[in-house]
Amino acid sequence: MKIGAAVLAVVRGFALALLAMLGSLVLFVFFVVSFALSIPGLGIFLVPVVTAAVRGYANLRRRLAYDWFGVEIKSPYKPKPRFRRGPIGVVQRYRWIVSDPATWRDVLWLIVDATAGFAMGIFAFALPWYGPYGWVLAAGVWKPIAHAGGGDWYTFIHVVNQDTANKAALLGVVYCAIGLLLAPQVMRASSVLARGLLAPTRERELELRVAHLTETRSDALDTQAAELRRIERDLHDGAQARLVAMGMSLGAIEHLMERDPEKARRLLAEARESSSKALTELRDLVRGIHPPVLAERGLGDAVRALAMASPLHTEVTVELPGRLEAPVESAAYFAVSEVLTNAAKHSGAQRVWIDIRHEADRLRIVITDDGQGGADLSGGTGLRGIERRLGTFDGVLALNSPVGGPTMVTMELPCVLSSP
């Protein structure tokens, strides 16, 4: 066990104990009062406001449980519907909140956190810090205490002289060691206790899963329709137009062969050039649908080809002991391509690092650039499009882009590897 991590758990335990008293207890009182005021009608306005504060506080604790102790707690709340304007909308909002079981589980958690959560946080903090008090007594502080009122009790040791003070110091070492040993486990147990109430129930998790699949299915259909329109437009404006023009040129050549062979020869040269351009456009179109290098050599080499074509200095690290399913490979490839394009256009970066690996049945791709940062998922359609593309396969996208850089885009897709 690392001493630094244990000390950090002690400090975090004290912070969560303070939050439990200042946050959980106060918000519980506010909620009870606002809900009680529903009888005279004021609660219809107050309950949504207090509930928003409760949910914000609960979401904060969910993040802290994951960031500090590695306990993931998913959000259980129902999607917010559209409310009508005016008094009817106020009533609809109130009914939506009080009919959501997650609201009442949050309230129950506030009680548990203000009691058991507070006690566990104080225990994790107090036990290691109680140990040094024994050392303080042994350093001579026992003397004025003993002269003033007959000594002091350090747990079960009555400190009245230097010998008992030394025993208190030894016991303090034990308390400090046990406290540092138990603090991380106690605080993780506190987070697990919170997860029992703050996480969605199995039924609610299934509802959220169905809603997510419905949304991603709709996004997939929209993306597919947009892709078909793009292909149709590219064919119509590019290769199709050239092939039509080439057909007209061949018809003209047929009539000119006897009368004007020289002009027919020029038209043949133009038709040959048009056929070459049409073939190039068709190949580009095929690459836009499924690049041949991706189908033939897999995701790693396809991303390396993207890196070679990128105007940025790009380093690629790949650890894939096998091949991915074709749809997952395609989604990952185009997601990487879009991120690289965004980096080249908007980031002001000079270098990009791409790390691709497969861990615990998940494909994980991390793309980092040394640009100016400040990217935002809500700031444009590019990253949102990547997120929707990954969501079709139950994948996720995380963005970390502080102003000044660097920007890190992390993508994860659940998948299995086949033999290479």
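Okay, let's start with helix α1, residues 3–36, and helix α4, residues 101–149: they pack with their axes 7 Å apart, at an angle of about 155°. Anything over 145 counts as roughly antiparallel, so that's what α1 is to α4. This is a predicted model, by the way, so keep that in mind throughout. The α1 and α4 crossing is left-handed. And what sits in that contact? The residues of α1 with α4 divide into 22 nonpolar, four polar and one charged.

Next pair. Helix α2 covers residues 43–69 and helix α3 covers residues 87–98; their axes come within 9 Å and cross at roughly 50°. That angle makes α2 oblique to α3. The handedness of this crossing is left-handed.

So which residues meet there? On the α2 side you've got Gly43, Ile44, Phe45, Val47, Pro48, Thr51 and Arg55. Over on α3, they meet Val90, Val91, Arg93, Tyr94, Trp96, Ile97 and Val98. Sorting the residues of that contact by type gives ten nonpolar, two polar and two charged.

Last stop, helix α10, which is residues 326–347. How far does α10 reach from its first C-alpha to its last? With 22 residues, α10 spans 30 Å, and that's close to the 32 Å expected at 1.5 Å a residue.

Notes
Residues numbered from 1 in each chain as written. Predicted model: local features only at pLDDT ≥ 70, side-chain atom pairs only at ≥ 80, totals over all residues. Heavy atoms only, no water. Axes fitted to C-alpha atoms, helices over the stretch in contact; angles between N-to-C directions. Helix = DSSP H or I, 4+ residues; strand = E, 2+ residues; numbered from the N terminus. Parallel < 35°, antiparallel > 145°, perpendicular 65-115°, else oblique. Left-handed = near helix turned anticlockwise from the far one by under 90°. Contact = heavy atoms within 4.5 Å. Nonpolar A, V, L, I, M, F, W, Y, C, P; charged D, E, K, R; others polar. Expected span 1.5 Å × (residues − 1).
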